[in-house]
Protein chains: 2
Amino acid sequence: MLFFGKKTLDKKSGREKEEIKKPSNKKVSTKTLSGFMELLPAEQIVFNKMFDTIREAYELFGFIPLDTPILERAEVLLAKAGGETEKQIYQFKKGDTDLAMRFDLTVPLARFVAENWRELAFPFKRYAMGKVYRGERAQAGRFREFYQCDIDVIGDEKLDIRFDAEIPSIIYTIFNKLGFDKFTIQINNRKLFNSLFSGLGVSEKSAKIMQSIDRLEKIGAEKVEEELSELKLTKDVIEQILNFINLKGSNSKILQGLKDLSIENDEFKKGIEELEMVVNLIQQFGVPESNFRIDLTIARGLDYYTGTVYETRLDEYPEIGSVCSGGRYDNLASQYTDKKLPGVGISIGLTRLFDQLKKKEVIKTGSATLTQVLIIPMTENPELSIELASVLRENGIATEIYFTQDKMKKRLGYADKLGIPYTVIIGEDEIIKDVYTLKDMITGEQKELKREELLEKMRKGF
Amino acid sequence: MLFFGKKTLDKKSGREKEEIKKPSNKKVSTKTLSGFMELLPAEQIVFNKMFDTIREAYELFGFIPLDTPILERAEVLLAKAGGETEKQIYQFKKGDTDLAMRFDLTVPLARFVAENWRELAFPFKRYAMGKVYRGERAQAGRFREFYQCDIDVIGDEKLDIRFDAEIPSIIYTIFNKLGFDKFTIQINNRKLFNSLFSGLGVSEKSAKIMQSIDRLEKIGAEKVEEELSELKLTKDVIEQILNFINLKGSNSKILQGLKDLSIENDEFKKGIEELEMVVNLIQQFGVPESNFRIDLTIARGLDYYTGTVYETRLDEYPEIGSVCSGGRYDNLASQYTDKKLPGVGISIGLTRLFDQLKKKEVIKTGSATLTQVLIIPMTENPELSIELASVLRENGIATEIYFTQDKMKKRLGYADKLGIPYTVIIGEDEIIKDVYTLKDMITGEQKELKREELLEKMRKGF
């Protein structure tokens, strides 16, 4: 807590003079800004569990934690940004310095690797989980402050394609541990699009073509064809694009279909080869066939990814869109260094994911606390209560003592309201008779236990 | 990753038009702002361990997580601030909204409790651990972005004094788990100062008197006396103040000394009573006598705390100052609500603590990764490597596969540089002979194991 009195410099003593500001009666509104998520305890606990699950999985796969500042020099964060991106960024001046709040975790990673690459071992595998900021126009489901949970594998000059195949096994592990079984990791390779368009002589229009294709699911094939016509593409070109994106079915069928297109272009062939390798390795990683598939319409942005790209959809909630996306890029940090740093990574937008799952009532909140045992001392001297609490805590059991002198009903009401599973009442009678009551707040079951039995039970951690 | 191309609205189609910005050759500086800590992996890992230790202790004592926005309406954060505080705050406008970055975790807590008190169970015990921002003039050891790790117990209208006694046991648990045994929790009660000054008729000068007393350790008793004279206090008043702050020795001796002052003032007596109660209970909580003591010079700010106050010092590094401070206050959120919300809390400034311990070389960094096993596939098909990695990960062992086709020396060098404790090499020979080599990278010891032995060993988690 900073000191809140107004400080002014006392000219005589050179020290600060205090003028205590009187509290005014007018109350300040306590609403948070729109687009900023703030959770009540029961929800925060679930959110943290999801956060910890993701973190544990990232660590299990050998990723190293990195925590970069939220505030950076604007020049650093804007080195590559422009247009809409720049408008979204929270930017301001403090003194003479132009500052900006980070809008993703990739730009700070690029800056970090460029700055510290001599210190790092490559491939550099880092995870980062923190808040990022985008001052978007407020709309339902959009956040201005939100958590991103990222991993990236960065190579020095080169990065083996096999790392691309490991990523889906990480996605699989995470969504599995989050309690989902019906989800699909969609995989594509940007080399296919890129070379297809250059082969057809429509590279310049590739951005717009991809925009149409990206919306295939939303607007349907007919509308896509219509939009492509508007771009003044020839019938033949449109046909070839549609032949490509219409390749559907099992992964092996799509791969065969791609080969059957007989497109004589090295990059296209390379794209097929990479896609095939990734898909085959994914199976070795133990990801079930039902949880991943090639989807040739997945593009992921326009100028950034250069190889494998990923999106992840919850099969039962397709309207949420992709919950985990990413891909392979050729060069992470060209704005900061001449070092060539290829990488592959993914990002989970946890705030949005949590919010969407909450709205769909997929998220079940439980207790509004992590406390497992509430000890209720009924005597003036809480010595035994404190002793019990200490034993429990030494055994890793989160424990509270209800010190406030309230009526029993209110004390038990506290445990009820928070959802604390066990209470122990410790009064004069209990101490004299050496019998204590352990109450299971869920079943209502009560057990009378002697002091040593109670301690023993608690030492065992139930 | 946001899209980086400049977007402009294409008037004809109504859709966005892409102009890909060419990367310039001029590189942007990759330095972070001064006052913003960014750690390399080996340090980040230690930092995170400290963070997790604090979090676990907070949860063990029944505190509930709360995560408030970093950015709030300026009006909310500045409701009580003024003067120097206000100057330090990062404030800016986005559109029509005046925004500010939080400068502590207490103000957002006050706002949260005022907004949600109907939803909460009281006493509301919350922990919050996150970054806060103060645009102070840059100086050694001062941070502009830093982690605070706070707990507070908030009562609705009342809060039992026994909660004050539980706080030092939390501090003790944390610093113990952080590996310290020589530290002292210093305890005082602000009622003593407050009533002493009012009894002596010098309340108006209390702020300045406390400033002098606060610097007792720094400037010495003689200089304090001199400064008090400058405040035009009578000899008698100065003597009584010095009698008070000179009470030293064991806790019981100080308590006796306070009683012997025979100050006939209800608040002073209440202060002694509270202090005595807290000190006695602390012992019941199992905090050794060597780790806490009454220190009547501890004041902690000027207008905020109203009862028990705490500071914590590492005995071997007194120059670091207090590493965990806090206290009891009468009313958390008067600027937001008419509800009376007394509370008691502490804060650990983790960024500064880490930085100071690092400079004193107390912090020993180990591995630059959390990975325990590096699997090195020497065959084109990494199937067995992937299988082993999966088994290890299922057993909770952080594992990496070195997919890059480098020379063996470089691969082992990667494990060496990061400090990965074990490597397993899997080549053609190994697969044919069904014998694999598990190398302990620290002792250099190598064990030849059959596939099943290796898997068995790994399933057991070493």
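Me: In which sense do strand β3 (residues 64-65) of chain A and β7(A) run, joined by two bridges?

Reply: This is a predicted model. Within it, Pro65(A) has Tyr127(A) of β7(A) as its bridge partner. Two bridges join β3 of chain A to β7(A), and the sense of the pair is parallel.

Me: Over how many bridges do β7(A) and strand β8 (residues 145-154) of chain A pair?

Reply: One bridge links Lys131(A) to Tyr147(A) in β8(A). The two strands, β7(A) and β8(A), pair in the antiparallel sense, and the number of bridges is 10.

Me: How many of the 10 residues of strand β7 (residues 124-133) of chain A are buried?

Reply: A residue counts as buried if 20 or more other C-beta atoms lie within 10 Å of its own. By that criterion β7 of chain A is mostly covered, the number of buried residues being nine.

Me: Which helix of chain B gives the most to the side that touches chain A?

Reply: In the interface, 99 residues of chain B are in contact with 99 residues of chain A. Six residues of the chain B side come from its largest contributor, helix α1 (residues 41-60).

Me: What kind of rotation axis relates the two copies?

Reply: Chain B can be laid on chain A with an RMSD of 0.0 Å by a turn of 180° and a shift of 0.0 Å along the axis. The copies are therefore related as by an axis that is two-fold.

Me: Which residue of chain B comes closest to the rotation axis?

Reply: The distance, taken at the C-alpha atom, is 3.1 Å. The residue of chain B concerned is Phe92(B).

Conventions: Residues numbered from 1 in each chain as written. Chains lettered and ligands numbered in written order. Predicted model: local features only at pLDDT ≥ 70, side-chain atom pairs only at ≥ 80, totals over all residues. Least-squares fit on C-alpha atoms with pLDDT ≥ 70 in both. Contact = placed C-beta atoms within 7 Å. Helix = DSSP H or I, 4+ residues; strand = E, 2+ residues; numbered from the N terminus. Buried ≥ 20, exposed ≤ 12 C-beta atoms within 10 Å, placed from the backbone. Pairing = 2+ DSSP bridges.
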